[in-house]
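Trainee: Please go through one part of this model closely, namely the contact between its chains and what lies around it. Give the cut-offs as you use them.

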Amino acid sequence: MIPELRVPLAAPLLLTILVTAAAADDKAVETLRQEVATKGWVVTSIKQKRGDWDLVLMRPDGSQQRKLTDTPDWSEAAPRWSPDSRRLLFRRIKAGTVISHDRWGFQGELVMADALARGGRVIGKHPWGCWSPDGTQISCLSLKGIEILDAASGKVKRRMKRAGYFQQLFWSPDGKWFCGTANVGGELWTIVRMDVTTGKWNVVSRFRNCTPDWFPDSKQLVFSNRPANQQGYGWTQLWMAPGQGGRRKMLYGEDGRHIYGGGLSPDGRYVLFTRCPKDGGGSERAGAPGGLMRLADAPIIGGTSTALRKLHPRAHDGPVLPLPDLWEPHWTFANVTASR
Amino acid sequence: MPQSQTPETDSAEVPSPADPISGRGGSTAARWILLAVVVVPVIAVAVATGLRSGLSRNRHDGTDSSLADQAGTEGQVTTAGRFEVTAKLIELPGAFLPNDGLYNYAFVLKYEVLHVHRGGDAVGKVIHVAHYNPRKTRARVGDEFYPDLGGTVDRFRAGDVHRLAMEEPWDEHYIGPLVDRYHETSGKRLYWAIWSNAVGDGR
(Lines give C-alpha, C1' and ligand atoms only; values in the text may rest on other atoms or scores of the structure.)
Protein backbone atom coordinates (compact mmCIF):
# COMPACT_ATOMS: atom_id res chain seq x y z
CA MET A 1 0.00 0.00 0.00
CA ILE A 2 1.25 3.49 -0.73
CA PRO A 3 2.09 5.06 2.72
CA GLU A 4 0.22 8.26 1.94
CA LEU A 5 -3.01 6.27 1.70
CA ARG A 6 -2.68 4.66 5.17
CA VAL A 7 -3.74 7.70 7.10
CA PRO A 8 -7.02 8.38 5.29
CA LEU A 9 -7.98 4.68 5.57
CA ALA A 10 -6.94 4.37 9.25
CA ALA A 11 -9.09 7.23 10.40
CA PRO A 12 -12.42 5.82 9.23
CA LEU A 13 -11.43 2.42 10.52
CA LEU A 14 -10.62 3.82 13.93
CA LEU A 15 -13.81 5.80 13.92
CA THR A 16 -15.78 2.71 13.06
CA ILE A 17 -14.18 0.79 15.86
CA LEU A 18 -14.94 3.55 18.34
CA VAL A 19 -18.52 3.92 17.22
CA THR A 20 -19.02 0.20 17.36
CA ALA A 21 -17.54 0.01 20.82
CA ALA A 22 -19.72 2.85 22.01
CA ALA A 23 -22.74 1.18 20.55
CA ALA A 24 -21.81 -2.03 22.30
CA ASP A 25 -21.46 -0.15 25.56
CA ASP A 26 -24.82 1.48 25.08
CA LYS A 27 -26.36 -1.87 24.33
CA ALA A 28 -24.84 -3.38 27.45
CA VAL A 29 -26.16 -0.53 29.55
CA GLU A 30 -29.58 -0.86 27.95
CA THR A 31 -29.56 -4.57 28.68
CA LEU A 32 -28.76 -3.84 32.29
CA ARG A 33 -31.48 -1.22 32.42
CA GLN A 34 -34.08 -3.62 31.15
CA GLU A 35 -32.84 -6.24 33.56
CA VAL A 36 -33.43 -4.12 36.67
CA ALA A 37 -36.20 -1.74 35.61
CA THR A 38 -39.00 -3.80 37.12
CA LYS A 39 -37.08 -5.25 40.04
CA GLY A 40 -38.89 -3.42 42.78
CA TRP A 41 -38.34 0.17 43.86
CA VAL A 42 -35.64 2.48 45.11
CA VAL A 43 -36.23 5.27 47.62
CA THR A 44 -33.67 8.02 47.87
CA SER A 45 -33.13 11.67 48.81
CA ILE A 46 -33.01 14.17 45.95
CA LYS A 47 -32.30 17.84 46.40
CA GLN A 48 -35.02 20.16 45.22
CA LYS A 49 -34.54 23.46 43.41
CA ARG A 50 -35.80 25.35 46.45
CA GLY A 51 -32.90 23.90 48.43
CA ASP A 52 -34.38 21.21 50.65
CA TRP A 53 -34.19 17.47 50.16
CA ASP A 54 -37.25 15.31 49.56
CA LEU A 55 -37.77 11.58 49.39
CA VAL A 56 -38.28 10.27 45.89
CA LEU A 57 -39.49 6.85 44.82
CA MET A 58 -38.24 5.45 41.53
CA ARG A 59 -37.66 2.27 39.66
CA PRO A 60 -34.10 0.93 39.88
CA ASP A 61 -33.39 2.33 36.42
CA GLY A 62 -34.38 5.81 37.57
CA SER A 63 -37.73 5.81 35.81
CA GLN A 64 -41.21 6.49 37.24
CA GLN A 65 -39.94 9.01 39.72
CA ARG A 66 -42.44 10.42 42.19
CA LYS A 67 -41.94 12.50 45.28
CA LEU A 68 -42.96 10.92 48.54
CA THR A 69 -42.44 14.10 50.54
CA ASP A 70 -42.85 17.74 49.62
CA THR A 71 -41.85 19.76 52.66
CA PRO A 72 -40.17 23.13 52.08
CA ASP A 73 -39.35 23.54 55.77
CA TRP A 74 -37.69 20.16 56.14
CA SER A 75 -35.21 17.93 54.41
CA GLU A 76 -35.91 14.22 54.49
CA ALA A 77 -32.76 12.16 54.30
CA ALA A 78 -31.36 8.65 54.19
CA PRO A 79 -34.54 6.57 53.98
CA ARG A 80 -34.58 2.86 54.77
CA TRP A 81 -37.46 0.47 54.46
CA SER A 82 -38.15 -2.00 57.23
CA PRO A 83 -37.28 -5.61 56.42
CA ASP A 84 -40.91 -6.27 55.43
CA SER A 85 -40.92 -3.00 53.44
CA ARG A 86 -44.10 -1.82 55.12
CA ARG A 87 -42.52 1.07 56.99
CA LEU A 88 -39.89 3.66 56.36
CA LEU A 89 -37.31 5.23 58.66
CA PHE A 90 -35.69 8.48 57.62
CA ARG A 91 -34.16 11.56 59.17
CA ARG A 92 -35.93 14.87 59.17
CA ILE A 93 -33.53 17.79 59.16
CA LYS A 94 -34.36 21.48 59.21
CA ALA A 95 -34.25 22.89 55.68
CA GLY A 96 -31.17 25.00 55.14
CA THR A 97 -28.97 22.70 57.18
CA VAL A 98 -26.06 21.38 55.23
CA ILE A 99 -26.39 17.63 55.48
CA SER A 100 -23.09 16.16 56.61
CA HIS A 101 -21.61 13.55 54.36
CA ASP A 102 -20.62 11.32 57.25
CA ARG A 103 -22.38 12.67 60.34
CA TRP A 104 -25.91 12.92 58.97
CA GLY A 105 -27.06 10.28 61.40
CA PHE A 106 -26.58 12.76 64.22
CA GLN A 107 -28.54 15.47 62.47
CA GLY A 108 -32.22 16.14 62.83
CA GLU A 109 -34.68 13.58 64.14
CA LEU A 110 -35.71 10.05 63.25
CA VAL A 111 -39.10 9.67 61.60
CA MET A 112 -41.11 6.50 61.15
CA ALA A 113 -43.74 6.41 58.41
CA ASP A 114 -45.45 3.94 56.15
CA ALA A 115 -43.72 2.58 53.08
CA LEU A 116 -44.58 5.68 51.06
CA ALA A 117 -43.53 8.10 53.79
CA ARG A 118 -47.12 8.86 54.80
CA GLY A 119 -48.22 9.39 58.36
CA GLY A 120 -44.72 10.06 59.53
CA ARG A 121 -44.13 10.64 63.21
CA VAL A 122 -40.99 11.83 64.88
CA ILE A 123 -39.88 9.14 67.29
CA GLY A 124 -36.89 10.96 68.73
CA LYS A 125 -33.42 12.07 67.93
CA HIS A 126 -32.16 8.45 67.90
CA PRO A 127 -28.87 8.93 66.07
CA TRP A 128 -28.18 6.39 63.34
CA GLY A 129 -31.53 4.72 63.88
CA CYS A 130 -31.61 1.43 61.96
CA TRP A 131 -34.17 -1.38 61.75
CA SER A 132 -33.64 -4.71 63.45
CA PRO A 133 -34.13 -7.69 61.13
CA ASP A 134 -37.68 -8.27 62.36
CA GLY A 135 -38.58 -4.60 62.39
CA THR A 136 -39.59 -4.57 66.04
CA GLN A 137 -36.50 -2.78 67.28
CA ILE A 138 -34.26 0.06 66.25
CA SER A 139 -30.56 0.32 66.95
CA CYS A 140 -29.02 3.70 67.67
CA LEU A 141 -25.50 4.96 68.20
CA SER A 142 -24.64 7.90 70.41
CA LEU A 143 -22.25 9.06 73.09
CA LYS A 144 -24.09 6.82 75.49
CA GLY A 145 -23.23 3.76 73.44
CA ILE A 146 -25.29 1.45 71.26
CA GLU A 147 -28.94 1.49 72.29
CA ILE A 148 -31.59 -0.90 71.11
CA LEU A 149 -35.05 0.58 71.27
CA ASP A 150 -38.48 -0.91 71.01
CA ALA A 151 -39.73 0.43 67.69
CA ALA A 152 -43.28 0.90 68.91
CA SER A 153 -42.63 2.61 72.23
CA GLY A 154 -39.20 4.07 71.68
CA LYS A 155 -38.05 2.70 75.02
CA VAL A 156 -34.49 1.56 75.43
CA LYS A 157 -34.41 -2.21 75.79
CA ARG A 158 -30.69 -2.72 75.86
CA ARG A 159 -27.52 -0.73 75.96
CA MET A 160 -24.06 -1.82 74.81
CA LYS A 161 -20.67 -0.19 74.81
CA ARG A 162 -19.91 1.28 71.43
CA ALA A 163 -16.36 -0.07 71.39
CA GLY A 164 -14.94 2.63 69.18
CA TYR A 165 -17.89 2.98 66.80
CA PHE A 166 -18.58 6.58 65.96
CA GLN A 167 -20.93 6.55 62.99
CA GLN A 168 -22.87 4.63 60.35
CA LEU A 169 -24.04 1.74 62.52
CA PHE A 170 -26.16 -0.80 60.61
CA TRP A 171 -27.76 -4.06 61.70
CA SER A 172 -27.21 -7.18 59.60
CA PRO A 173 -30.24 -8.82 57.97
CA ASP A 174 -29.77 -11.99 60.02
CA GLY A 175 -29.70 -9.98 63.23
CA LYS A 176 -26.34 -11.27 64.41
CA TRP A 177 -24.05 -8.35 63.64
CA PHE A 178 -23.56 -4.64 63.60
CA CYS A 179 -21.26 -2.92 61.17
CA GLY A 180 -20.03 0.61 61.39
CA THR A 181 -17.08 2.96 61.23
CA ALA A 182 -14.82 2.94 64.28
CA ASN A 183 -11.59 4.09 65.85
CA VAL A 184 -9.29 1.11 66.20
CA GLY A 185 -5.65 0.97 67.22
CA GLY A 186 -5.09 4.67 66.85
CA GLU A 187 -6.46 4.61 63.32
CA LEU A 188 -9.73 6.19 62.40
CA TRP A 189 -12.12 5.23 59.64
CA THR A 190 -11.94 1.49 60.23
CA ILE A 191 -14.88 -0.75 59.31
CA VAL A 192 -15.70 -2.99 62.25
CA ARG A 193 -18.16 -5.84 62.66
CA MET A 194 -19.58 -6.49 66.12
CA ASP A 195 -21.46 -9.51 67.49
CA VAL A 196 -24.80 -8.15 68.67
CA THR A 197 -25.05 -10.70 71.47
CA THR A 198 -21.54 -10.71 72.90
CA GLY A 199 -20.23 -7.31 71.85
CA LYS A 200 -17.06 -8.90 70.48
CA TRP A 201 -15.79 -7.19 67.38
CA ASN A 202 -13.36 -7.64 64.50
CA VAL A 203 -11.82 -5.40 61.88
CA VAL A 204 -13.20 -5.71 58.37
CA SER A 205 -11.15 -3.00 56.66
CA ARG A 206 -8.60 -0.51 57.94
CA PHE A 207 -7.63 2.95 56.76
CA ARG A 208 -9.91 5.51 55.18
CA ASN A 209 -13.16 3.60 54.95
CA CYS A 210 -16.70 4.89 55.07
CA THR A 211 -20.39 4.13 54.43
CA PRO A 212 -20.46 0.39 55.15
CA ASP A 213 -23.55 -1.70 54.55
CA TRP A 214 -24.55 -5.35 54.58
CA PHE A 215 -24.94 -7.86 51.83
CA PRO A 216 -28.31 -9.62 52.08
CA ASP A 217 -26.54 -12.81 53.22
CA SER A 218 -25.07 -10.94 56.24
CA LYS A 219 -21.73 -12.56 55.44
CA GLN A 220 -20.17 -9.70 53.49
CA LEU A 221 -19.96 -5.96 53.62
CA VAL A 222 -19.84 -3.27 50.97
CA PHE A 223 -18.04 -0.05 51.83
CA SER A 224 -16.10 2.85 50.41
CA ASN A 225 -12.33 3.01 50.67
CA ARG A 226 -9.70 5.46 49.50
CA PRO A 227 -6.58 3.34 49.13
CA ALA A 228 -3.17 4.68 50.02
CA ASN A 229 -1.49 3.63 46.79
CA GLN A 230 -2.60 6.65 44.80
CA GLN A 231 -1.04 9.88 43.72
CA GLY A 232 -2.02 12.94 45.66
CA TYR A 233 -5.30 12.89 47.56
CA GLY A 234 -6.53 9.85 45.68
CA TRP A 235 -10.02 8.67 44.75
CA THR A 236 -12.54 6.79 46.88
CA GLN A 237 -13.64 3.45 45.49
CA LEU A 238 -16.32 0.87 46.23
CA TRP A 239 -15.11 -2.34 47.86
CA MET A 240 -16.42 -5.48 49.51
CA ALA A 241 -14.99 -7.80 52.12
CA PRO A 242 -16.07 -10.78 54.22
CA GLY A 243 -17.55 -9.88 57.59
CA GLN A 244 -14.80 -11.66 59.48
CA GLY A 245 -12.20 -9.60 57.64
CA GLY A 246 -9.82 -10.89 55.04
CA ARG A 247 -9.44 -10.44 51.35
CA ARG A 248 -11.07 -7.32 50.06
CA LYS A 249 -12.24 -6.88 46.49
CA MET A 250 -12.77 -3.69 44.55
CA LEU A 251 -16.19 -3.41 42.97
CA TYR A 252 -15.98 -0.04 41.27
CA GLY A 253 -13.38 2.68 40.89
CA GLU A 254 -13.03 5.72 38.71
CA ASP A 255 -10.37 8.41 38.78
CA GLY A 256 -12.14 11.71 38.96
CA ARG A 257 -15.02 10.34 41.05
CA HIS A 258 -15.45 9.48 44.71
CA ILE A 259 -17.70 6.46 45.11
CA TYR A 260 -19.94 6.32 48.19
CA GLY A 261 -23.23 5.02 49.51
CA GLY A 262 -22.92 1.44 48.29
CA GLY A 263 -26.23 -0.40 48.71
CA LEU A 264 -27.04 -3.93 47.57
CA SER A 265 -30.19 -5.07 45.84
CA PRO A 266 -32.29 -7.45 47.97
CA ASP A 267 -30.94 -10.43 46.05
CA GLY A 268 -27.34 -9.27 46.32
CA ARG A 269 -26.80 -9.28 42.57
CA TYR A 270 -26.61 -5.53 42.01
CA VAL A 271 -25.16 -2.57 43.83
CA LEU A 272 -26.16 1.09 43.86
CA PHE A 273 -23.69 3.88 44.54
CA THR A 274 -22.98 7.57 43.97
CA ARG A 275 -20.14 9.00 41.88
CA CYS A 276 -19.20 12.40 43.20
CA PRO A 277 -16.57 14.66 41.54
CA LYS A 278 -15.63 15.99 44.96
CA ASP A 279 -14.96 13.86 48.02
CA GLY A 280 -18.11 12.99 49.88
CA GLY A 281 -21.42 11.56 48.83
CA GLY A 282 -22.75 14.87 47.63
CA SER A 283 -25.04 15.61 50.54
CA GLU A 284 -23.22 18.88 51.18
CA ARG A 285 -24.17 20.00 47.69
CA ALA A 286 -26.92 18.60 45.46
CA GLY A 287 -26.26 14.90 45.61
CA ALA A 288 -24.13 13.03 43.12
CA PRO A 289 -24.83 11.07 39.96
CA GLY A 290 -26.00 7.60 40.88
CA GLY A 291 -24.81 4.37 39.35
CA LEU A 292 -25.95 0.74 39.28
CA MET A 293 -23.89 -2.30 38.31
CA ARG A 294 -23.98 -6.06 38.51
CA LEU A 295 -21.77 -7.68 41.12
CA ALA A 296 -20.94 -10.32 38.53
CA ASP A 297 -19.28 -7.67 36.37
CA ALA A 298 -16.97 -6.49 39.15
CA PRO A 299 -14.48 -5.04 39.21
CA ILE A 300 -15.51 -2.25 36.89
CA ILE A 301 -13.34 0.78 36.27
CA GLY A 302 -14.84 3.91 34.83
CA GLY A 303 -13.08 6.59 32.86
CA THR A 304 -9.43 6.51 31.81
CA SER A 305 -8.09 5.69 35.28
CA THR A 306 -4.71 4.61 33.93
CA ALA A 307 -3.04 3.72 37.21
CA LEU A 308 -6.13 1.96 38.49
CA ARG A 309 -6.36 -0.18 35.38
CA LYS A 310 -2.77 -1.25 35.89
CA LEU A 311 -3.62 -2.36 39.40
CA HIS A 312 -6.72 -4.23 38.25
CA PRO A 313 -5.85 -5.45 34.75
CA ARG A 314 -8.87 -7.76 34.60
CA ALA A 315 -11.37 -5.06 35.39
CA HIS A 316 -14.27 -4.43 33.01
CA ASP A 317 -15.33 -1.14 31.55
CA GLY A 318 -18.97 -1.65 32.44
CA PRO A 319 -21.82 -1.71 32.16
CA VAL A 320 -22.85 0.91 34.69
CA LEU A 321 -26.39 2.21 34.49
CA PRO A 322 -26.37 5.96 35.19
CA LEU A 323 -29.00 7.22 37.64
CA PRO A 324 -30.14 10.75 38.54
CA ASP A 325 -28.30 12.86 41.08
CA LEU A 326 -29.31 11.42 44.42
CA TRP A 327 -28.06 10.46 47.87
CA GLU A 328 -28.31 7.36 50.10
CA PRO A 329 -30.62 5.15 48.01
CA HIS A 330 -32.33 2.04 49.40
CA TRP A 331 -33.74 -0.82 47.30
CA THR A 332 -36.67 -3.15 47.91
CA PHE A 333 -38.21 -5.82 45.72
CA ALA A 334 -41.57 -5.33 47.40
CA ASN A 335 -44.28 -3.57 45.47
CA VAL A 336 -44.56 -0.72 47.93
CA THR A 337 -47.01 1.12 45.73
CA ALA A 338 -49.63 -1.58 46.07
CA SER A 339 -52.18 -1.52 48.85
CA ARG A 340 -50.99 -3.83 51.57
CA MET B 1 13.71 90.22 155.64
CA PRO B 2 16.92 89.11 155.45
CA GLN B 3 17.80 86.38 152.34
CA SER B 4 18.35 82.93 153.53
CA GLN B 5 21.63 81.57 152.61
CA THR B 6 20.71 77.96 153.03
CA PRO B 7 18.63 76.52 150.29
CA GLU B 8 15.45 75.18 151.44
CA THR B 9 14.45 71.59 150.84
CA ASP B 10 12.12 71.20 147.78
CA SER B 11 8.97 69.96 148.85
CA ALA B 12 9.19 67.27 146.11
CA GLU B 13 6.35 64.93 146.09
CA VAL B 14 7.01 61.50 147.30
CA PRO B 15 4.85 58.84 145.77
CA SER B 16 2.55 57.08 147.96
CA PRO B 17 0.41 54.13 147.30
CA ALA B 18 -2.51 56.29 146.93
CA ASP B 19 -0.79 58.52 144.53
CA PRO B 20 -1.80 58.89 140.91
CA ILE B 21 1.68 57.94 139.99
CA SER B 22 0.78 54.40 140.97
CA GLY B 23 -2.16 54.57 138.27
CA ARG B 24 0.29 55.49 135.48
CA GLY B 25 2.23 52.33 136.11
CA GLY B 26 -0.95 50.25 135.48
CA SER B 27 -1.54 51.95 132.13
CA THR B 28 1.84 50.91 130.93
CA ALA B 29 1.09 47.32 131.67
CA ALA B 30 -2.18 47.58 129.83
CA ARG B 31 -0.40 48.97 126.86
CA TRP B 32 1.98 46.08 126.84
CA ILE B 33 -0.90 43.67 127.09
CA LEU B 34 -2.71 45.38 124.25
CA LEU B 35 0.40 45.15 122.21
CA ALA B 36 0.68 41.48 122.87
CA VAL B 37 -2.94 40.74 122.06
CA VAL B 38 -3.35 42.78 118.91
CA VAL B 39 -0.12 43.56 117.26
CA VAL B 40 1.60 40.23 117.62
CA PRO B 41 -1.19 38.25 115.96
CA VAL B 42 -1.27 40.73 113.12
CA ILE B 43 2.40 40.25 112.61
CA ALA B 44 1.98 36.51 112.80
CA VAL B 45 -0.69 36.51 110.14
CA ALA B 46 1.40 38.62 107.90
CA VAL B 47 4.33 36.33 108.30
CA ALA B 48 2.22 33.27 107.67
CA THR B 49 0.78 34.77 104.52
CA GLY B 50 4.17 35.65 103.32
CA LEU B 51 5.40 32.15 103.99
CA ARG B 52 2.52 30.58 102.10
CA SER B 53 3.11 32.78 99.12
CA GLY B 54 6.71 31.91 99.23
CA LEU B 55 5.89 28.22 99.28
CA SER B 56 3.50 28.59 96.35
CA ARG B 57 6.04 30.37 94.34
CA ASN B 58 8.36 27.57 95.04
CA ARG B 59 6.31 24.91 93.16
CA HIS B 60 8.15 22.22 91.33
CA ASP B 61 8.11 24.11 88.13
CA GLY B 62 9.47 27.27 89.64
CA THR B 63 6.64 29.37 88.23
CA ASP B 64 4.91 32.00 90.20
CA SER B 65 1.46 30.56 90.83
CA SER B 66 -0.07 33.92 91.44
CA LEU B 67 0.84 34.75 87.86
CA ALA B 68 -0.21 31.30 86.69
CA ASP B 69 -3.61 31.76 88.23
CA GLN B 70 -4.17 34.90 86.23
CA ALA B 71 -2.71 33.91 82.86
CA GLY B 72 -4.89 32.69 80.04
CA THR B 73 -8.20 33.08 81.82
CA GLU B 74 -10.19 34.34 78.83
CA GLY B 75 -13.55 32.91 78.07
CA GLN B 76 -14.82 29.81 79.77
CA VAL B 77 -11.55 28.15 80.69
CA THR B 78 -12.14 28.60 84.40
CA THR B 79 -15.67 27.20 84.33
CA ALA B 80 -15.97 24.64 81.56
CA GLY B 81 -15.48 20.98 82.36
CA ARG B 82 -14.21 19.56 85.61
CA PHE B 83 -10.49 19.84 84.98
CA GLU B 84 -8.35 22.88 84.33
CA VAL B 85 -4.62 23.01 83.90
CA THR B 86 -1.83 25.15 82.60
CA ALA B 87 0.36 22.84 80.61
CA LYS B 88 3.11 22.81 78.05
CA LEU B 89 2.60 21.01 74.75
CA ILE B 90 5.43 18.51 74.64
CA GLU B 91 5.44 17.62 70.94
CA LEU B 92 3.40 17.31 67.76
CA PRO B 93 3.23 13.57 67.02
CA GLY B 94 2.68 13.95 63.30
CA ALA B 95 0.86 16.24 60.93
CA PHE B 96 -2.75 17.21 61.44
CA LEU B 97 -5.12 15.78 58.88
CA PRO B 98 -6.84 18.18 56.49
CA ASN B 99 -10.49 18.99 57.01
CA ASP B 100 -11.23 20.05 53.44
CA GLY B 101 -14.58 21.31 54.62
CA LEU B 102 -15.71 17.72 54.83
CA TYR B 103 -14.13 15.69 57.58
CA ASN B 104 -13.91 16.31 61.29
CA TYR B 105 -11.79 14.52 63.85
CA ALA B 106 -10.02 14.86 67.17
CA PHE B 107 -6.26 14.64 67.56
CA VAL B 108 -4.45 13.55 70.73
CA LEU B 109 -1.65 15.76 72.05
CA LYS B 110 0.61 15.21 75.04
CA TYR B 111 1.21 17.88 77.65
CA GLU B 112 3.42 18.43 80.68
CA VAL B 113 1.26 19.87 83.42
CA LEU B 114 2.67 23.04 84.96
CA HIS B 115 -0.18 23.97 87.23
CA VAL B 116 -3.47 22.37 88.19
CA HIS B 117 -6.23 24.90 88.65
CA ARG B 118 -9.10 22.44 88.99
CA GLY B 119 -9.07 18.71 89.34
CA GLY B 120 -6.57 18.34 92.13
CA ASP B 121 -4.54 15.24 92.53
CA ALA B 122 -6.56 13.43 89.88
CA VAL B 123 -4.52 15.16 87.19
CA GLY B 124 -1.11 13.67 86.55
CA LYS B 125 2.09 15.41 85.54
CA VAL B 126 1.77 14.27 81.93
CA ILE B 127 -1.63 14.24 80.28
CA HIS B 128 -3.05 13.34 76.89
CA VAL B 129 -5.67 15.67 75.50
CA ALA B 130 -7.91 15.25 72.45
CA HIS B 131 -8.42 18.48 70.53
CA TYR B 132 -11.20 18.80 67.97
CA ASN B 133 -10.13 19.80 64.47
CA PRO B 134 -6.72 21.11 65.53
CA ARG B 135 -6.13 22.86 62.22
CA LYS B 136 -8.81 25.36 63.14
CA THR B 137 -8.30 28.22 65.53
CA ARG B 138 -10.00 27.56 68.82
CA ALA B 139 -12.08 30.68 68.30
CA ARG B 140 -13.67 29.07 65.25
CA VAL B 141 -13.64 25.40 66.17
CA GLY B 142 -17.14 25.21 67.64
CA ASP B 143 -19.70 23.82 65.22
CA GLU B 144 -23.17 22.32 64.99
CA PHE B 145 -22.04 19.15 66.74
CA TYR B 146 -19.70 20.69 69.35
CA PRO B 147 -20.84 24.26 69.86
CA ASP B 148 -19.29 24.74 73.29
CA LEU B 149 -15.67 24.53 72.29
CA GLY B 150 -13.45 27.59 72.10
CA GLY B 151 -10.37 29.43 73.27
CA THR B 152 -7.61 31.71 72.16
CA VAL B 153 -5.14 29.18 70.78
CA ASP B 154 -4.57 29.95 67.10
CA ARG B 155 -2.32 27.06 66.29
CA PHE B 156 -0.67 24.20 68.10
CA ARG B 157 3.11 24.29 68.39
CA ALA B 158 5.39 22.16 70.50
CA GLY B 159 6.58 24.07 73.53
CA ASP B 160 3.62 26.40 73.72
CA VAL B 161 1.85 26.74 77.04
CA HIS B 162 -1.92 26.40 77.11
CA ARG B 163 -4.55 26.79 79.74
CA LEU B 164 -7.03 24.00 79.19
CA ALA B 165 -10.49 23.28 80.49
CA MET B 166 -11.19 19.60 79.99
CA GLU B 167 -13.44 16.67 80.65
CA GLU B 168 -12.89 12.96 80.80
CA PRO B 169 -13.35 10.24 79.83
CA TRP B 170 -13.10 11.65 76.34
CA ASP B 171 -15.55 9.24 74.74
CA GLU B 172 -18.34 10.35 77.00
CA HIS B 173 -18.00 13.82 75.51
CA TYR B 174 -16.94 13.20 71.91
CA ILE B 175 -18.04 10.67 69.33
CA GLY B 176 -16.10 10.80 66.12
CA PRO B 177 -12.83 9.96 64.46
CA LEU B 178 -9.85 10.08 66.79
CA VAL B 179 -6.25 10.25 65.70
CA ASP B 180 -4.23 8.88 68.60
CA ARG B 181 -0.54 8.42 67.91
CA TYR B 182 -0.14 7.40 71.57
CA HIS B 183 -2.66 4.59 71.37
CA GLU B 184 -0.07 2.11 72.57
CA THR B 185 0.52 4.03 75.80
CA SER B 186 -1.23 1.88 78.33
CA GLY B 187 -3.19 3.27 81.23
CA LYS B 188 -3.28 6.83 79.95
CA ARG B 189 -6.22 9.05 80.77
CA LEU B 190 -7.41 10.85 77.70
CA TYR B 191 -9.06 14.20 78.26
CA TRP B 192 -11.40 16.05 75.94
CA ALA B 193 -10.44 19.69 75.49
CA ILE B 194 -13.33 22.11 75.81
CA TRP B 195 -11.58 25.45 76.10
CA SER B 196 -7.97 26.09 75.13
CA ASN B 197 -6.27 29.40 75.79
CA ALA B 198 -2.78 30.45 74.84
CA VAL B 199 -0.65 31.39 77.81
CA GLY B 200 2.70 31.94 76.23
CA ASP B 201 5.66 30.54 74.47
CA GLY B 202 7.17 28.16 76.96
CA ARG B 203 10.43 27.98 75.04
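Mentor: A residue counts as buried under 20% relative accessible area, as exposed over 50%, and as partly exposed in between (1.4 Å probe, protein chains only). The model is predicted, so to speak of local features takes a pLDDT of at least 70 and side-chain atom pairs count only at pLDDT 80 or more, while totals for chains, interfaces and linings use all residues; side-chain values use heavy atoms, with hydrogens and water left out. Residues are numbered from 1 along each chain as its sequence is written, and chains are lettered from A and ligands numbered from 1 in the order in which they are written.

The interface comes first. Chain A brings 23 residues into contact with 23 residues of chain B (contact means heavy atoms within 4.5 Å). About 1,800 Å² is buried between chain A and chain B, and carbon and sulfur atoms give 60% of this area. Of the area that chain A buries against chain B, 33% comes from Arg103(A), Leu143(A) and Leu188(A), more than from any other three residues. Buried area here is the accessible area (1.4 Å probe) that two parts lose on being put together, summed over both.

Arg103(A) and Asp143(B) form a salt bridge, with 3.5 Å between the closest N and O atoms. The rule also finds 10 residue pairs in polar contact across the interface of chain A and chain B, both residues at pLDDT 80 or more. On chain A, the strands β9 (137–142), β12 (165–171) and β14 (187–195) each supply at least two residues of the side that touches chain B. That side of chain A divides into 9 nonpolar, 9 polar and 5 charged residues. In this division Ala, Val, Leu, Ile, Met, Phe, Trp, Tyr, Cys and Pro are nonpolar, Asp, Glu, Lys and Arg are charged, and the others, Gly among them, are polar. Helices (H or I, at least four residues) and strands (E, at least two) are DSSP runs, numbered from the N terminus.

Gln107(A) sits in the loop between β5 (87–94) and β6 (109–114) of chain A, and is buried at a relative accessible area of 1%. Its neighbours, not counting residues up to four places away in sequence, include Arg91(A), Ile93(A), Lys125(A), Glu144(B) and Phe145(B). The side chains of Gln107(A) and Glu144(B) are joined by a polar contact of 3.1 Å. A polar atom of the Gln107(A) side chain also lies 3.1 Å from the backbone oxygen of Val98(A). A polar contact is a pair of N or O atoms within 3.5 Å; within protein, one must be able to donate a hydrogen and the other to accept it, and residues adjacent in sequence count only if both atoms are side-chain atoms.

Of the 203 residues in chain B, 36% are buried. Among contacts in chain B between residues at least 6 apart in sequence, 73% join residues at least 24 apart. Asp154(B) lies in the loop between β4 (150–151) and β5 (160–167) of chain B and is exposed at 54% relative accessibility. Not counting residues up to four places away in sequence, Asp154(B) touches Lys136(B) and Thr137(B).

Finally, the salt bridges beyond the interface. The whole structure holds 22 salt bridges over all chains. In one of them, the side chains of Asp61(A) and Arg33(A) meet at 2.8 Å, N to O. This pair links distant parts of the chain, 28 residues apart: Asp61(A) is in the loop between β2 (53–58) and β3 (66–67) of chain A, and Arg33(A) is in helix α1 (residues 6–36) of chain A. Asp61(A) is buried, at 11% relative accessible area, whereas Arg33(A) is partly exposed at 28%.

Arg294(A) forms a salt bridge with Glu35(A), the closest N and O atoms being 3.0 Å apart. Because Arg294(A) lies in strand β22 (residues 288–294) and Glu35(A) in helix α1 of chain A, the pair ties together parts 259 residues apart in sequence. Arg294(A) is buried, at 15% relative accessible area, and Glu35(A) is partly exposed at 25%. Arg294(A) also forms a salt bridge with Asp297(A), at 2.7 Å between the closest N and O atoms.

Notes. Salt bridge = Lys/Arg side-chain N within 4 Å of Asp/Glu carboxyl O.
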